[in-house]
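Please look at the sequence and the model together before reading on.

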Amino acid sequence: MSKQEATTQSESNSSPLAIELKNICKRFGQVQANRNINLQVTRGTIHGIVGENGAGKSTLMSILYGFYQADSGEILINDQPIKIKNSRDAIAAGIGMVHQHFMLVDTFTVLENVMLGAEQSARLDTSAVNAREVLQHLGDEYQLSVPLDAITGDLPVGQQQRTEILKALYRNAEILILDEPTGVLTPQEADQLFRVLEALKQRGVTVILITHKLREIMDITDNVSVLRLGEIVSTQRTCDTNTSQLAELMVGRKLETQHFPKIDNPDTDAGIDIQHVSVLDDRGLPRLNDISFEVKRGEIVGIAGVAGNGQSTLLEVLAGIQKPHKGRFVINGHTVTPESIVGPKEMREIGVQHVPEDRLRLGLIKSFTAAESSVLGYQNRKRFNWRLFLNIRRIRAACKRLMEAFDVRPPDPKLKSSSFSGGNQQKLILARELDQSPSVLLIGQPTRGVDIGAIELIHQKIIDMRDANCAVLLVSVELDEIMTLSDRILVMFEGQIVGTMKGSDADKTTLGLMMANALPQSGGGPTESAA
Amino acid sequence: MSTSNIELPAWVEVILIPILNIMMALFFAGLIILAIGENPVEAVGIMINGAFGYDEAIGYTLYYTTNFIFTGLAVAIAFHARLFNIGGEGQAYIGGLGVGLTFLLLDGYLPAIVLLPIGIIAAALFGALWAFIPAWLQAYRGSHVVITTIMFNFIASSLMVYLLVNVLIMPGSMSPETREFQQNAWLPFMHELLAGIGIEVTRTPLNLSFILALVCCVLVWIYVWKTRWGYALRTAGQSEAAAVYAGIKPKKIIIITMCISGALAGLVAVNEIMGVHHRLLLNFTAGYGFTGIAVALMGRNHPLGILMASLLFGVLYQGGAELAFEVPKITREMVVAIQGLIILFSGALALMLRPAIVRLWLAVRPGGVPKHG
């Protein structure tokens, strides 16, 4: 004990460490997931960890949280060497984790979720009284108020995430690991989260933030470590670095900042012409409310807006998945009205291709091989069939060709779709749809959860489509992406178009205000009805 | 540590784990036999001998196997579209009605070569029809097939009793059965066919439908994994949203798949009615439809696995009967208990050993790479 005190003191004036990892190695078969990881996280700071998918971030955090055991190396928590064999050990050591996908029971109340597994006695009612008191206190202290008696599944994701954080704090976590926390949040919810993290830091909680969004790293962290191919390639103070340097470290090569020339009002006919389209949900409330706009051939129109304001519905209506209740639209020369629907299958045949927002739910089948997923929607095409049978060999060959053209890694058509990283799944879906040389391209969240390296390629391919005279409708919650790619930007709010801007003179502040529908006289949108 | 998403090599998954499960079941069965003071090793010996020891035993074993293949495939194909068809029993029963009606009408007029295919088609068609109604209710009214198919088992049962007691019964007969079909409506027995090519075997109920069952295994395999329709079926089973995106109509898939499933179950009647009894009678399905669920579970919904699982159940039925006959202390009910243990360990507890095996596998040869967030 005294020896340890001596060492900590001999490490002089440096602030006390919450976590220290020494030479952590972890290998899975041929893959060295973590190699000689040395990491020091100072107590009471926010430490960012960035890296591409598969760089080893999740493995490292899983080792820290006890899901995996390191092959070699040492973990010190508060300068005490410790063995973490499972998550119970981790919790005992004061480590809390907020997973990317929440570990909550949707049908339980917030209070029940927080107590789950940490009840103080067999009688729930007495534990509940205690827990409620503790949670009120925590909520006040960290501005983390969540309605304790609400059913968790009914809450917005931002509040569910707070519930996860409360769960960790309730278990006396002093070190909080957040894995890609903003992936599911709206920009406003992300801001709220960061305010909470700031408050936690003020109270001495150590936060580890895993993300691939460099802007977040710059905004909130004190220190940042970059992982590449299982190794830590850099750890530095955030104020000493910048996004482009971090991006380079992550990818391992210099990245061009993307800048594409904008096309202003091209002299072509409309690929999509929507007139007064409305869609109602099951309860009869409008999802889309009298939408009218057009997308010309050789033009990218970007739909900006906070997630959940009708963008998804718009894409699905145009792709033939949902039917409009009112209005009509002409897509690549074919007219769709509530009376005459064109289904997804027919849309594909008339040259309308759709890259769906949710690639895991719609875009591919996780349990299928990449080759099988690479013909999803085209499985009836003659060239993929031989008499009664699917022509597996030709499907594989076609898949291989797509994989090479779009740099899908690993280029193995026999691999399960779920084994690919998000970026590579997305490249495969994009390859499948673009291979049809669409006349109209509908594309949702093209780079959600995708590595920086892959984003470059995906953006370039979308621009190539525009330059090939395709009418492109782009939906994204990443404002930067909308601004980088779009020739024209429409802003959606509560199922309506509330603003329009030229891509060439778009600015973030104005768009942001439009997204919140807080701009007076914004592009003729019926603001008064929304207010 | 979660092991469910770590992949094991196929032979571990398909052969090693099922064998270990059966061993465990046999171990507990052995304990029961010990408890009543008999020798478990001897009992297993009698069972194996009773199932494979002589040509008559093999005939009976394969005869039972035939039924399990049909019902197992029926459950499996529906399962690939994420439909749980519990109605195999009723569909098989109504399949028998199809055979009965056509043969009672036609057996005096047509030669065997025409009549037998018509009988097979009638069995499949009636089975499909009995599955179509729950399928339609599921697709267009949202009534869950698990509930409706169970109810349709009862309806089938009551309907058959009514028809056999009041309508189809042979005039003057005391038992609720139809008249016997004429010889040209009998599916040839295997011992007859083998005798035709000079091989003499003992007379058993095993008939040509065994070959039909094997053909169905191949056809199901081709349909599910090698055709665009199977592709659509699996897509709809994995994700309805993705199916809609891909231009596949999930409602259509539900109806087609359930009809195929019902048709496969209906083929039990080919074995029982056309092959063995040669008349329509009560309760010829004898629970094969329900056992098909266990067969499909154990065979992991793959035709090859179902073939193996069906064979195992064939052995249990035939060897079990022999065991009950040879060892007076081991009753029929005891044999059912042993079957129950095997279903328990291979079906319900099929994945109980898996985490341990995954850990062992990772320790011996770490091949699985976990996913990264």
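The paragraphs below treat the basis of the model, then a sheet, then a helix.

## Basis

This is a predicted model, in which local features need pLDDT of at least 70 and side-chain atom pairs count only at pLDDT 80 or more, while totals for chains, interfaces and linings use all residues. Residues are numbered from 1 along each chain as its sequence is written, and chains are lettered from A and ligands numbered from 1 in the order in which they are written.

## The sheet

In chain A, six strands form an open sheet with mixed pairing, in the order β6-β7-β8-β3-β9-β10; strands are DSSP runs (E, at least two residues), as helices are (H or I, at least four), numbered from the N terminus, and two strands pair if DSSP finds at least two bridges between them. Because β6 (95-98) and β10 (231-237) of chain A each have a single partner strand, they stand at the edges, with one side of each left without a neighbour in the sheet.

Strand β3 (residues 46-50) of chain A runs parallel to β8 (residues 206-210) of chain A, and four bridges join them; A:H47 has A:I208 as its bridge partner in β8(A).

## Helix α5

The buried residues of α5(A) are A:A131, A:L135 and A:Y142, where buried means that 20 or more other C-beta atoms, placed from the backbone, lie within 10 Å of the residue's own, and exposed means 12 or fewer. The face turned away from the buried side of α5(A) carries exposed residues, including A:D125, A:E133 and A:D140. Just after α5(A), A:Q143 takes a positive phi of about 50°.
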